[in-house]
Amino acid sequence: MRGYVIRRLLALLPTLILASIIVFVTVRLIPGDVIDMMLSQNDVAADKKSREDIIAALGMDKPMWQQYFHWISAIVLHGDLGTSLWQGTPVTEHLRARLPVTFQLGFIALVVGLVIALPIGIYSAIRQDTTGDYLARSFSILLLAVPSFWLGTMVVVFPSIWWGWSPSVDFVPFFTDPAANLSQMVLPGIVLGAALSAITMRLTRTMMLEVLRQDYIRTAWAKGLGERLVIVRHALRNAMIPVVTLVGLQAPLLIGGAVIIEQIFVIPDMGLLLLDAVQQRDYPIITGVFLVVGVAVMLINLMVDLSYGLLDPKVRMR
Amino acid sequence: MSAVLPLPATKRRSNSFIARLWRDKPLGALGGVVLLLFLVVGVFAPWVAPYDYNEIAPLDRMQGPSWAHWFGTDNLGRDMLSRCIYGAQLSVIIGCSAAALATLISGLIGIISGYFGGKVDMVVQRVVDAWMSFPDLIVLIVVVSVLGPGMPQIIFTLALLLGIGGSRIVRSAVVSVREHMYVHAAQSIGAGTGRILWRHVLPNVLPPIIVLFTTRVGTVILAESGLSFLGLGVPPPAPTWGSMLSGSGRTYMFQGPWLALAPGLCLTAVVYATNVFGDALRDLLDPRMRGTR
């Protein structure tokens, strides 16, 4: 198992290097007039920066390969993602404050998605072609089609019109007041989890249908096992592997979707950091968020692969 | 027992594609009709829309739905129905062109990577891996911030983004086609690579490519509206559905909830239609997927 993990991590290296090059090249694509734009915005900034300062801060005065190695070695050796162009604070500091909020939102969305998707998906499969099945399937396609930012907008607008209730806009960190924090995060979590639940529901149903036709399920029924045991112990566990893969593949969707959701619910996570950085053209922060999110997604996918061994003893980690 | 079951005497069933679509996948066919409707409305927006999308009428501000204004009016007195219709035009233009470009990119990368295999495939797939580890919306925000807002940039970025991701689907189809007898036969009689790809591989991977295009239209429209919602889409006063749900409009939604309803319903309807239509196409075009949903 340990050897497998190490080998998988090594296999991740080329992807990581390529991802870092993509991030780096994107910053290099910044046209000169953006630097001019930063200069024109400088009047409102606290400290004055000249064109050369900005170019130097972006490290654009050296040959490209040198810049890349300088940039990547700072990250690898010191975990240094650079400093914000406007505030002058380290990017890692910004990320450390925001990253947990994004992950919390993603986690709530994941739990919500699974809590909705698994029971309905399973029900839909064991009662195939009944009215309930059709209703569940139509519901899932509908959830897929509703844009999360629209759903979020409705959730904010209509309760406010009907009952004069609106979600709080003062963010409370989890460790300050868990109850207040959760009451704030649950609604955005549900909105974000809705789309995830639709996709997961469809796949759960398909996989359950496939597994329920297998010989060992017939054997289990023939042995006289109860429905609960057959469904949960024998069928569900075997149907779960593709579902777990799918959930892993949705990680970018959750993190990306969070950007829009927190905008609506005013939650200070990575998305808001990124949007502010984009508006201020704070490129070190943009690359920092870009890189960290990419690495997080890769690690999530690795964890998904590793979880196969827990779900299916046939999958040996060699 | 080798008896052949006698076929029941049925009427000769039409086997044209559209007939099959209506018969086997009525919901998908309905989705196709809805899509077509939005397409026509979008293309003929200047003739269909009752008002100009930017016609300001201070006296008609914030009116609820009525016979004069089916979807109500916004905070500047602009007719929401007309804005939604012009929004359809933008969505159709962006959706179709970006999806077409994306499909072209997917096709090129997928066919090259899948057909040649080996080192080419390995290198291309690692690049695709790296690219796909970034959330779409984050890439969009970053790239649009670099290129600046505007329709061509958005089409190009969405096409590149979805094109690279979609190449996986084309590649897997090509990998299975590559090993078929007719490809080996063509290779052994000395057909050129270009000819094999064009005449033998492409026609056989066309079904997943068509499905890819259809579902991409919905994805593009949704992604563009997300960008517009964040203020990074086509700049105002262009009436995109996403931008109608964001910005200053949001503050007025509490007085006029209809402002939130119309653009959202349009978006949902189009995306729902592309989803069911794409699913139906996949089921009809790809025999392997028949019976699964």
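User: Among contacts in chain B between residues at least 6 apart in sequence, what percentage join residues at least 24 apart?

Analyst: Two residues are in contact if their C-beta atoms, placed from the backbone, lie within 7 Å; in chain B, 70% of the contacts between residues at least 6 apart in sequence join residues at least 24 apart. This is a predicted model, in which local features need pLDDT of at least 70, side-chain atom pairs count only at pLDDT 80 or more, and totals for chains, interfaces and linings use all residues. Residues are numbered from 1 along each chain as its sequence is written, while chains are lettered from A and ligands numbered from 1 in the order in which they are written.

User: How many helices and strands does chain B have?

Analyst: Helices are DSSP runs of H or I with at least four residues, and strands are runs of E with at least two, numbered from the N terminus; chain B has twelve helices and zero strands, and its C-alpha atoms fill a box of roughly 80 × 60 × 30 Å along the principal axes.

User: At what angle do H6(A) and H8(A) pack?

Analyst: Axes are lines fitted to C-alpha atoms, for helices over the stretch in contact, and angles run from 0 to 180 degrees between N-to-C directions. Helix H6 (residues 131-145) and helix H8 (residues 178-212) of chain A pack at about 140°, with their axes 8 Å apart. The two are therefore oblique to each other, since angles under 35 degrees count as roughly parallel, over 145 as roughly antiparallel, 65 to 115 as roughly perpendicular and the rest as oblique. On the H6(A) side, the contact is made by Ser140(A), Leu143(A) and Leu144(A).
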